[in-house]
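Please keep the sequence and the structure open while reading.

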Amino acid sequence: MPADRALGGDGPLARDAGDYAPACAAAAAVPPDDEPAARDFLTRHFTPWAVGEGTLTGYFEPELRGSTEPTPALSTPLLARPPSLVEVDLGSFASDLRGRRTAGLVRDGRLQPFPDRAAISGGALAGQGLELAWVDPVDAFFLHIQGSGRVTFPDGSVRRLGYAAQNGHAYVAIGRFLIESGAVAREAMSMQAIRDWLRAAPPTDAAALMARNPSYVFFRELTGLAPEKGPLGALGAPLMPGRSLAVDRTQTPLGTPVWVAGRGLERLAVAQDTGGAIRGPARADLFTGWGEAAAEAAGPMRDPARLFVLLPPPAP
């Protein structure tokens, strides 16, 4: 990356890619599996910042059935990024918006909001040839939340899909509506509980609930990834189960080591990804892997955790 590429962070925690250059050069000389050398490397090149206590959740790479054509069961398309979608780095226009982004489309020389989930599901982008695969509607909704997945087709082929863009609308967690209505008890809320409700509900009720989250994710095919490797995170590197974190990049720079101290979990991870629901300095999402076991680990994960961000000194 160019040395002046902003990686995120706020105030004294803001860092550019060049700030990491000395640590990256030193890392190449650290022997593998040498714990004392690793500890020495971290203490020499990084300073821990306590950023508070927040919520640690989990996310994973789903495995789902797909089709190249719509079927009664696989009726929802996963869409590629539309050519009309414009992403904007707001920090390029105002320093107090550093690290913040939005998206929309240009009409009459002005940036306008992009269609929301309800409009897109209703066909706002139909006829543009954006369909990458057709999947179950509930599976599609959760793939939007997770950001990447493995789609298996009837001929046995597997296509890896990763995040390409988002429509610019804020993420809304639909679980709270189920809690408010009494459909799911607060203490029983989890990804699995939401999925079970959506599958049991009449299709129109399920679609209406999913539409209350206006955020919509577009995908791209990921080629060249080995099956034993995770999907690509926001830095373009494969995610590692149990070690990769999604963070709020306006608060925590990407590429930064983060010490996570939670209930039954204390480990060093790396800020490698972002997520629409991840907001705040002490909010993080731990990547748990792929498949059913990873889903079972990620679904109920919602624990208090203290985060310590390990930062290199700013470049002179």
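The second largest pocket holds about 650 Å³ of space, a volume being the space filled by probe spheres set on grid points joined across faces, edges and corners. This is a predicted model, in which local features need pLDDT of at least 70 and side-chain atom pairs count only at pLDDT 80 or more, while totals for chains, interfaces and linings use all residues. Residues are numbered from 1 along each chain as its sequence is written, and side-chain values use heavy atoms, with hydrogens and water left out.

**Second largest pocket**
- Of the 20 residues that line this pocket, Ala-38, Arg-39, Leu-42, Leu-268 and Leu-310 are the closest to its centre; a pocket is an open set of points on a 1 Å grid over the protein atoms alone where a 1.4 Å probe fits, with protein on both sides within 12 Å along at least five of seven lines, and lining residues have an atom within 4 Å of a point.
- α2 gives the most to the lining, with six residues, where helices (H or I, at least four residues) and strands (E, at least two) are DSSP runs numbered from the N terminus.

**Strand residue Gln-166**
- Gln-166 lies in strand β11, residues 158-166, and is buried with a relative accessible area of 17%, buried meaning under 20% with a 1.4 Å probe and protein chains only.
- Leaving aside neighbours within four places in sequence, Gln-166 is in contact (heavy atoms within 4.5 Å) with residues including Leu-85, Tyr-216 and Phe-218.

Technical notes. Buried means under 20% relative accessible area, exposed over 50%, partly exposed in between (1.4 Å probe, protein chains only).
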